[in-house]
Amino acid sequence: MSGASPDDRDLLHFDLIVLGGGSGGLAAAFRAVEHGQRVALVEPGALGGTCVNVGCVPKKAMWLAADLGTRLEQAARLGFDLPMDRRVGFDWARFITDRQRYIHGIHHSYGERLDRAGIMVLPARGRLAGPGRVDTDAGARLAAPHIVLATGSSPVRPDVAGASLGAVSDDFFGWNAAPPRLAIIGGGYIAIELAGVLQALGSQVEMFVRDQRLLRQADAELVEQLQENYRQQGIGLVFGYDLQALRRDDDGQLQLEALDGSIRGGFDQVLFATGRRPNTGDIGLDTVGITPDGAGNIPVDRWQATQAEGVYAVGDISGCGLALTPVAIAAARRLCDRLFGGRPDAKLDVDNVPSVVFSHPPLAMVGLTEAEARERYGDDVHVYRSNFRPMREALAESTQRSVFKLVCVGAERRVVGLHLLGDSADEILQGFAVALKRGITLDDLHDTIAIHPTSAEEIVLMR
């Protein structure tokens, strides 16, 4: 060390530096420590990233509140002593207190785990400063042979006049009440989830979608039923809509102007759910020769390695697999198993990743849609479906319907896609996703005894 330059003497040396304390970053840090590595985690905000703070966790909490509200309305129709002539009251502010207490518990748990693991946490913004180097805005200078970038993504507003008047999904989690009239711009999973929550909790929601349908990546047959369910719930759906401008009228209400010049107004709030962009703009990528693609993603190979030696990217910034918390976690753990755990073949498998849209009811999917399967396998595709009303919906005389669908290929009817729209679809899918990944066939499902009466039994009874 006596020969070190003055600029190097204040360097803090580690085996791994992680930029970003979200799901992927934390997973990398914890897994590396399990393999005996010295780790520094650099995160300027709250631990847990989008998922814990303005994503999966608070969103699911709000979904649960909305679901309970719907069930209370059904309970009134089924004989419980509850008001049938009006919506059951909901104390939004009180619920948020409980929601944030739950999130605070997660933060506390992370802090304890990081302390026990001996991971150095720097509450600062980190930036690459050349090969093997990271500088922070708090003045710390770090060095390591391996650096994992896991800085996540952020919601974007569309490039239209008056866009600053609208909110994005991050803003939703700061609301203290449901706006009476709400316009949601977008038709992806975030738009769908927030529309269902807010409609159930007191808003009158209208969705304005550029495409001719919701949720492009999901199976069209299930989306068609989801759209009908949402209409029955009172949500307005406007397809083929191109927004040109957002403005306030003389009464302070928000107005939408479409490209065709038409005006729709009277909204208390407009929420943009028009996509997310990777947080790669100011993390020093140029200092190591990394060039993001046009969408801002950091190009990686199947090992999560970037074009810079010793620098890796996981999660929303990598464009590798679905932008889901479990995908980021899996990629980070496998990366560290490969780098430090003696597993040279460990890597993320992006095939057959199960996912759920927390609509009302949930839409869960794994594998190929019918359209994708027909494009790949042609006439060798066999489709089985069940369209039904679950018992609770039928008892309450609700119009809401479920659709379960199997997509199979070949003479052996191997299952390549499973798509569920219905109550508890999120919980049902996990086990069947394991089976699909193991190559289950239609005969395997038929050989399984059904659990009756449940919605899940529809999967093993389809013919």
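Modeller: Buried means under 20% relative accessible area, exposed over 50%, and partly exposed in between, with a 1.4 Å probe and protein chains only. Helices (H or I, at least four residues) and strands (E, at least two) are DSSP runs, numbered from the N terminus. This is a predicted model in which local features need pLDDT of at least 70 and side-chain atom pairs count only at pLDDT 80 or more, while totals for chains, interfaces and linings use all residues. Residues are numbered from 1 along each chain as its sequence is written, and side-chain values use heavy atoms, with hydrogens and water left out.

Biologist: Which residues of H11 are buried?

Modeller: An α-helix has 3.6 residues a turn, so residues three or four places apart point the same way. In H11 the buried residues are Ala425, Asp426, Ile428, Leu429, Phe432, Ala433 and Leu436. The helix covers residues 425–437 and spans 18 Å from first to last C-alpha, close to the expected 18 Å; the expected span is 1.5 Å times one less than the number of residues.

Biologist: Where is the kink in H11 centred?

Modeller: The bend at a residue is the angle between axes fitted to the seven residues ending there and the seven starting there. In H11 a kink of about 30° is centred on glycine 431. Glycine 439, which follows H11, has a positive phi near 90°.

Biologist: Is lysine 59 buried or exposed?

Modeller: Lysine 59, found in helix H3, is buried, with a relative accessible area of 13%. Leaving aside neighbours within four places in sequence, lysine 59 is in contact with Phe173, Glu193 and Phe358.

Biologist: In what order do the strands of the parallel sheet lie?

Modeller: Two strands pair if DSSP finds at least two bridges between them. Here five strands form an open sheet with parallel pairing, in the order S10-S17-S11-S12-S13. S10 (167–168) and S13 (236–238) stand at the edges with a single partner strand each, so one side of each has no neighbour in the sheet. Helix H6 (residues 189–200) packs on this sheet, touching S11, S12 and S17, and its direction makes about 165° with that of S12. Within the sheet, S11 and S12 are paired over five bridges, and isoleucine 184 stands opposite methionine 207 in S12.

Biologist: Which strands form the antiparallel sheet?

Modeller: The order is S20-S21-S24-S23-S22, again an open sheet of five strands. S20 (355–357) and S22 (381–388) are its edge strands, and neighbouring strands are turned by 15° against each other on average, direction ignored. Seven bridges join S23 to S24; leucine 406 has leucine 418 in S24 as its bridge partner. Helix H9 (residues 370–377) lies across S21, S22, S23 and S24, at about 170° to S22.

Biologist: How many residues lie between S15 and S16 in their hairpin?

Modeller: Four residues lie between them, and glycine 261 in the turn has a positive phi of about 90°. The two strands run antiparallel and are joined by three bridges.

Terms used
Contact means heavy atoms within 4.5 Å. Axes are lines fitted to C-alpha atoms, for helices over the stretch in contact, and angles run from 0 to 180 degrees between N-to-C directions.
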